[in-house]
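We'll go from stop to stop, picking side chains and looking at what surrounds them.

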Amino acid sequence: MVFLLLVVILAGCGGKTNLAKLSSRELFELGMEKYKKKKYLEAIEALQATIFNYPGESQIDTAQYYLALSYFGNEDYVLGQVEFNRLLTNYPASPFAPQAQLMKAVCFFKGTPNHYGLDQTDLQTAITQFEDFILDYPESEAVPEANHYLKEARTRLAHKYYESGIVYIRLSDYTAARTYFQKVIDEYTNTEYAADATYQIAETYYRQRNWDKANELFSNFGTIWPEHRWAADAAERACEAAFQGGEEALRAGESTVARRRFERFRTACGQDTDRLKKVEEYLQMIGNLPVVEVDSTDAGS
């Protein structure tokens, strides 16, 4: 048993390559071989030895690039972006520089937690770097890839701000909610959350009983996004705002405001026959009310 154990130990020691005895070419080829076999830790060891021991060799920028790719393949995105950045700093004229710039951004993207509720600071860094890459290398074949990552990153941030707005709706802090929703609309217009944020802004005004604003925004929503999953809900909400707003104004004795809201309902919500009948009764009632003259001195008070 002891003899067999010694054989195994000696065999293991003998199987490990002594990197110190390899030439620069041998080290480099060993690193590339390990990288292609996805043995990233061994590739990292060989490529690091190449860079540190033979810094003046012609293939050093290639070794640096594949060292960074080995960290990336091993899902060590922090060290990956460090090594891609080292290539950009030390070998800016390298043919690998454009791809290194893109991969550095990808490392920031991959290193950010997937859940929008966690810290997304590095995601904003990734967005900036993707945008820089597209501006710096507009003819690159990697631009579609950069755009793909950029869209995903922007969508995730839009989701984060959108959910923040939803939280404030639940807290009935509608002003704060609108701030977040408006940020989504202004800065992340091309994401799916822009339309959702527009709907939610209208909803905040509805909940605050700002009937005219709610009616306007819900009506506009259906015009801008007629195929959206909430288009039918927006149309119903617009009708509700006009109807409830008309009733509220009528109870307050504001017949002119009530008439305007009811007429808006009659124009846009004719399919709601039950409430349309009620609206016609309200309009007839308003038509029979005496006209109240408002004194000009009171009107400005």
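You are looking at a predicted model, where local features need pLDDT of at least 70, side-chain atom pairs count only at pLDDT 80 or more, and totals for chains, interfaces and linings use all residues. Residues are numbered from 1 along each chain as its sequence is written, and side-chain values use heavy atoms, with hydrogens and water left out.

What do the side chains of E203 and R237 do where they meet? They form a salt bridge, 2.8 Å from N to O (a side-chain nitrogen of Lys or Arg within 4 Å of a carboxyl oxygen of Asp or Glu). E203 lies in helix α10 (residues 193–207) and R237 in helix α12 (residues 231–251), so the pair ties together parts that are 34 residues apart in sequence. Helices here are DSSP runs of H or I with at least four residues, strands are runs of E with at least two, and both are numbered from the N terminus.

**More charged pairs**

Side chains of opposite charge can pair when their charged atoms come close. The structure holds 15 salt bridges, so let's pick a few more.

- Select R209 and E248: their side chains meet in a salt bridge at 2.9 Å, N to O. This pair links distant parts of the chain, with R209 in the loop between α10 and α11 (211–224) and E248 in helix α12, 39 residues apart. R209 counts as partly exposed at 46% relative accessibility, and E248 is partly exposed too, with a relative accessible area of 25%.
- Select K183 and E187: here the salt bridge is 3.0 Å, N to O. Both residues lie in helix α9 (residues 174–187), 4 residues apart, about one turn of the helix. E187 is partly exposed at 39% relative accessibility, and K183 is partly exposed at 25%.
- Select D212, R260, R261 and R264 together: a network of salt bridges links them.

Go back to helix α10 and select D196. Is D196 buried or exposed? D196 counts as buried, at 3% relative accessibility. Its side chain makes a polar contact with the side chain of H228, at 2.9 Å (a pair of N or O atoms within 3.5 Å; within protein, one must be able to donate a hydrogen and the other to accept it, and residues adjacent in sequence count only if both atoms are side-chain atoms). Leaving aside neighbours within four places in sequence, D196 is in contact (heavy atoms within 4.5 Å) with Y162, H228, R229 and W230.

**Into the core**

In soluble globular proteins, nonpolar side chains tend to be buried together. The largest nonpolar core here has 68 residues (a set of buried Ala, Val, Leu, Ile, Met, Phe, Trp, Tyr and Cys residues joined through side-chain atoms within 4.5 Å). Select Y65, F84, F130, Y162, F181 and F218 to see those with the most contacts inside this core. Helix α8 (residues 143–170) gives the most to the core, with 11 residues.

Zoom in on F218: not counting residues up to four places away in sequence, F218 touches Y199, A202, E203, Y206, A234, R237 and A238. That list includes both partners of our opening salt bridge, E203 and R237.

**Rings to finish**

A search of the whole structure finds 25 aromatic pairs (rings of Phe, Tyr and Trp, its six-membered ring, with centres within 6.5 Å; planes under 30 degrees apart count as stacked, over 60 as edge-to-face and the rest as tilted). Select Y168 and Y180, a stacked pair at 5.6 Å centre to centre, with 15° between the planes. Y168 lies in helix α8 and Y180 in helix α9, so the pair ties together parts that are 12 residues apart in sequence.

Next, select Y199, Y206, W211, F218, F221, W225 and W230, which form one aromatic cluster.

Last, look for charges over rings (NZ of Lys or CZ of Arg within 6 Å of the ring centre and within 35 degrees of the ring normal). The charged end of R178 sits over the ring of Y205, 4.2 Å from its centre, and R156 lies over the face of F109, at 4.9 Å from the ring centre.

Definitions and conventions. Buried < 20%, exposed > 50% of the residue type's maximum accessible area, 1.4 Å probe, protein only.
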